[in-house]
Amino acid sequence: MMAPLVSVAFSPRAGLLAHFLRLGTQQTGSLQLHTGVSYAAKNYYEVLVLGGGSGGITMATRMKRKVGAENVAIIEPSERHFYQPIWTLVGAGAKQLSLSGRPMASVIPSGVEWVKATVVELNPDKNCVYTDNNKEISYKYLIIALGIQLDYEKIKGLPEGFAHPKIGSNYSVKTVEKTWKALQDFKEGNAIFTFPNTPVKCAGAPQKIMYLAEAYFRKTGKRSKANIIFNTSLGVIFGVKKYADALQEIIQERNLTVNYKQNLIEVRADKQEAVFENLDKPGETRVIPYEMLHVTPPMSSPDVLKRSPVADAAGWVDVDKDTLQHKKYPNVFGIGDCTNLPTSKTAAAVAAQSGILDRTISQIMKNQTPMKKYDGYTSCPLVTGYNRVILAEFDYSAQPLETFPFDQSKERLSMFFMKADLMPFLYWNVMLR
C-alpha cells in the first residue's frame, strides 16, 4: 500500500522545499498506469477538476482520498504531462526534452475518471461545465486548474517565425529545442532575450536562459563576439530586492546589457530583426538585429475562463487569496497559474497552494469556515550558470521566505543539483502523488 505522501501536515511558513525534502524520505510507491479514460462515462461527480497540469493532478490525488476515486474526474485533452521547469535546462542543452514528459495516463490517480476532452463553457450557476464533445458534466465541487495560455500570436510575425533558424522559446515543447540549436549555431552579434508586458509563469525563466547562454558562449570561446541583451517590459530585474541586488552584481560582472520597459511587438525572422516598443514612450519603437533570439511569449488566462462568470475583469479565476475559494461561488475553487492570486506563477506555488486548498475544501465539506491561510509562498530557482543557482523563495509581500539556514541570494552548486535533479524527482514521485 502506498504511503499517504501528500497528506502530511504542512506549515507554509516552514518553506515548501523543506516540506518536499521531508516527504522525499518516505516510501514513494510505484507508478500505476491509469486506464480510466472516458468521454464522460458519468455526467455527475462530487469533485470535478479542470486541467491535468501540476495543480489539477495534485488536487485530484488529494480529493481521491477524501471522497473516493470513483467520485472524482479530471477533464484534460492532452496525451502527455510535462514538468516544464526543466525546459530552461533543455533550452541550454543541459537536459533532454524526453526527460520532461510522461504519458498523462501515468500521472492521473488510479481510479479517477479521465475525461479526455476540452472544456468550452463553465456554468457555475447551474454547477456544470460543457466539453467540446457536447457533454454536460455536473459537480458538487469544482476545482479550476487550467493553467496559463501562451499568446505567441500577439507578437507580429509569430508563431510562424519559429520556422526560421536563430530563434527559440523555452516556454513551448515545440520550440524549446530550437533555443539550444540557436545557441549552438551562434557565431557573432546580438543574442537577445525578452520578457513580455503580461503576467508570465516562472518570471525568472526569461533571464535564466540569458545567464546559461553567456556561460555557454564563454565555454565555447564565443563570448567576446556576443553582445548579450535582456529587453524586459518590467522596470526591475526581479521583484524581490534581496535577489535583485544579487542578480545586478552578476549582470555587471558578466557585462550583460539590460534594457527596461522594452516590449517585443514584432519578429522579422526572415531578416533576423526584433522590434521593441518603449513602454515609457508608447508608439516609439526600435529595431534590433539578432544572431540569436529567445522569445518569452505574452500570456493570459485561457480563453474559456475569460468569457466565464468565474473570472475577474482581467480574465483570471477570482479567488480569495487566503483560502483559494471563489469569491462568488462557494463550491468553486482555483489553483495555480489561472488564478488572480497576487504571487508568482510557479510549480512551487502550486505545491504550497495545494495544501491550503485541501484544508479549505475539507472545511467547506464539513460546513466549517476555512481557517488555513496561504501566505503567497512561491519559489524561483534562478539558474545563473551550468552549475549555479540562486534559490529565491518569497511571499505575497515580496519578502524572502527561505528554507535553508544560509544566504540563498548567493550562487550555489548545491542549489543547482536541487533544481536539476532533486526537484524533478520530487515532482514526479511526491507532489503528484
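How many aromatic pairs does the chain have, by the ring-centre rule? The count is 12. The rule covers rings of Phe, Tyr and Trp (its six-membered ring), which pair if their centres lie within 6.5 Å. Planes under 30 degrees apart are stacked, over 60 edge-to-face, the rest tilted.

Take Y83 and Y427. Their ring centres are 4.6 Å apart and the planes sit at 45 degrees, so this pair is tilted. Y83 is in the loop between strand 4 (80–82) and helix 3 (87–91), and Y427 is in helix 10 (residues 413–431), so the pair ties together parts 344 residues apart in sequence. Both Y83 and Y427 are buried, meaning under 20% relative accessible area with a 1.4 Å probe, protein chains only.

Next, Y152 and F162. This pair is edge-to-face, with 5.3 Å centre to centre and 90 degrees between the planes. Y152 and F162 both lie in the loop between strand 10 (149–150) and strand 11 (167–168), so the parts tied together are 10 residues apart in sequence. Y152 and F162 are buried too.

There is also a cluster: ring pairs link W180, F186, Y216 and F217.

A word on the source. This is a predicted model: local features need pLDDT of at least 70, side-chain atom pairs count only at pLDDT 80 or more, and totals for chains, interfaces and linings use all residues. Residues are numbered from 1 along each chain as its sequence is written, and side-chain values use heavy atoms, with hydrogens and water left out.

Now the whole chain. Of its 433 residues, 59% count as buried. The C-alpha atoms fill a box of roughly 65 × 45 × 40 Å along the principal axes.

How values were computed. Buried < 20%, exposed > 50% of the residue type's maximum accessible area, 1.4 Å probe, protein only. Helix = DSSP H or I, 4+ residues; strand = E, 2+ residues; numbered from the N terminus.
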